Amino acid sequence: MSGDTLDIYIGKRLTATLKRDPTRTEVRFSYHPSATEPVSLTMPICDTEDVFAGLPPVFETSLPEGELLETIFRKMGKVIKLADDFDILKLVGRNLIGRLVATPSGESPDSLDVFTGSEGLTALLRSSDSKALVTQAMVDLAERTGISGMLPKTFGISDGRSRLTIPAGAYIVKTENDEFPGICIVEHACMAACRNAGLKVPETLLSDDGKSLLVRRFDIGPDGTRFGFEDFCSLSVVGRKAKYEGSYESVAKILFLFTTDIERDRRELFRAFTMMQLLKNGDAHLKNFGVLYSSTSDVRLSPIYDMVTTTSFIAKDSPALTFEGKRKWLGKKGIARFGINRCGLEEDETNAIIGECVSGIEETVPFLKTLSERYPADPVLRTLSTFQESASPSG
Ligand SMILES: Nc1ncnc2c1ncn2[C@@H]1O[C@H](COP(=O)(O)OP(=O)(O)OP(=O)(O)O)[C@@H](O)[C@H]1O
Ligand SMILES: [Mg+2]
């Protein structure tokens with residue numbers, strides 16, 4: 001039955017099929033004879049069929065979560081059967097992050113058109129109620145939005161005048177929820193600090209009302225080329241529910257297994273770990289690290305994303321994964337141990353990188369001060385204190 005078979009494309013190339021068992025208990029994966037690239041770095045091309053209890057992790061970890069998933073159920077649950085992850089992938093599989101496309105067997109792999117105009121974008125950024133516009137776009141495009149994460153998000157932009165929602169092209173659009181007011185302002189500042197600390201960071205644009213953030217997609221190149229992307233749940237071959245079940249040691253081990261630029265990534269991962277510690281980001285779980293690749297011979301740690309001072313929202317928050325068996329904020333010596341023992345760096349180099357991270361945060365303090373004057377919400381002010389503490393000589 002074609003309804004229970006999905007064709008998997010990489011770009012326009014038919015690469016594999018996923019078949020759901022009639023009892024809905026197993027999913028069978030097999031490569032197509034024309035496959036030239038694997039669907040996951042953990043699934044080399046082979047000519048035998050693989051059987052999974054649910055979706056293979058590379059697909060499962062791409063699926064919507066949080067409010068987007070709830071919206072999909074609310075909007076589509078009465079129209080079509082949404083019994084399991086396979087049904088959700090069938091719905092959103094044309095528009096996933098990365099280079100994979102999943103379509104019902106025999107259907108074209110064409111996805112959302114890429115929007116290049118700036119009209120909707122400007123309307124969103126200048127709006128006095130961007131949250132309403134993002135929420136509207138999220139509802140309008142829900143069944144065509146294959147992206148994970150708990151915050152409300154969409155690949156569309158509502159122009160604010162008509163009920164017209166257009167694809168946002170190279171941007172992910174996210175907005176705050178009731179639980180974390182001010183989170184987009186905090187993320188915008190943390191991403192700026194990471195950029196100033198020398199990390200690769202996608203462009204972020206904050207709406208004037210401070211409630212929404214546009215994040216430029218790094219899985220889409222300037223000419224529209226799509227890159228492979230896998231988070232560390234996928235690389236660890238575990239499902240999304242296991243995102244807090246791991247250690248930073250295992251993140252390092254797995255990265256060094258797959259990267260094709262180990263010298264660069266020793267430093268890049270250490271820098272990211274240092275910023276996570278200094279900025280007190282307690283949500284750097286396995287889905288908030290990823291690798292980006294153009295082919296299996298060109299794999300690197302992806303640019304940084306979702307960097308947020310979570311202690312500004314949950315005062316006692318601790319790191320998302322363990323290091324040396326504990327979820328604990330570290331001083332500079334502890335941070336350096338990750339670089340020396342797990343990233344294979346010399347002590348001098350770890351100290352130099354920590355110094356650059358501190359300077360990056362220091363350099364971002366005036367920017368965050370300006371943001372906090374404009375948006376004097378408590379979490380923003382608390383983030384400013386964290387930046388100032390991390391940037392102080394004793395920090
Ligand atoms: N700039 C980007 N380009 C491409 N993909 C991205 C980018 N930023 C994030 N992603 C992907 O989108 C997912 C969701 O984004 P993000 O982590 O920012 O959302 P979130 O709702 O804040 O997540 P969380 O549930 O971890 O708080 C990420 O896990 C990653 O797969
Ligand atoms: Mg995330």
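Hi everyone, thanks for coming. Before we start, please keep in mind that this is a predicted model.

Five strands make up an open sheet, and their order across it is 4-3-2-1-5. The pairing is antiparallel. At the edges you'll find strand 4, residues 50–52, and strand 5, residues 100–104, each of which pairs on one side only. If you ignore direction, neighbouring strands here are turned by 25 degrees against each other on average. For a closer look, take strand 2, residues 13–20, and strand 3, residues 27–31: 5 bridges link them in the antiparallel sense. Within that pairing, Arg20 sits opposite Val27 of strand 3.

In what order do its 4 strands run? The order is 6-9-11-10, again in an open sheet with antiparallel pairing. Strand 6 (153–154) and strand 10 (204–206) each have a single partner strand, so each has one side without a neighbour in the sheet. Then look for helix 6, residues 183–196, which lies across strand 9, strand 10 and strand 11. Its direction makes an angle of about 145 degrees with strand 10.

On to the helix pair. Helix 9 covers residues 262–278 and helix 11 covers residues 347–374; their axes come within 10 Å and cross at roughly 50 degrees. Who meets whom? From helix 9 we have Arg267, Phe270, Arg271, Thr274, Met275 and Leu278, and these meet Thr350, Ile353, Ile354, Cys357, Val358 and Ile361 in helix 11. Sorted by class, that contact holds 8 nonpolar, 2 polar and 2 charged residues.

Last stop, the ligand. Which residues are closest to ligand 1? They are Gly149, Met150, Leu151, Tyr305 and Asp306, out of 20 residues that surround ligand 1. The shell as a whole divides into 9 nonpolar, 4 polar and 7 charged residues.

That's my tour, and I'm happy to go back to any part of it on the screen.

Note on methods
Residues are numbered from 1 along each chain as its sequence is written. Chains are lettered from A and ligands numbered from 1 in the order in which they are written. This is a predicted model: local features need pLDDT of at least 70, side-chain atom pairs count only at pLDDT 80 or more; totals for chains, interfaces and linings use all residues. Axes are lines fitted to C-alpha atoms, for helices over the stretch in contact, and angles run from 0 to 180 degrees between N-to-C directions. Helices (H or I, at least four residues) and strands (E, at least two) are DSSP runs, numbered from the N terminus. Two residues are in contact if their C-beta atoms, placed from the backbone, lie within 7 Å. Ala, Val, Leu, Ile, Met, Phe, Trp, Tyr, Cys and Pro count as nonpolar, Asp, Glu, Lys and Arg as charged, and the others, Gly among them, as polar. A residue is near a molecule or strand if its C-beta atom, placed from the backbone, lies within 6 Å of it. Two strands pair if DSSP finds at least two bridges between them.
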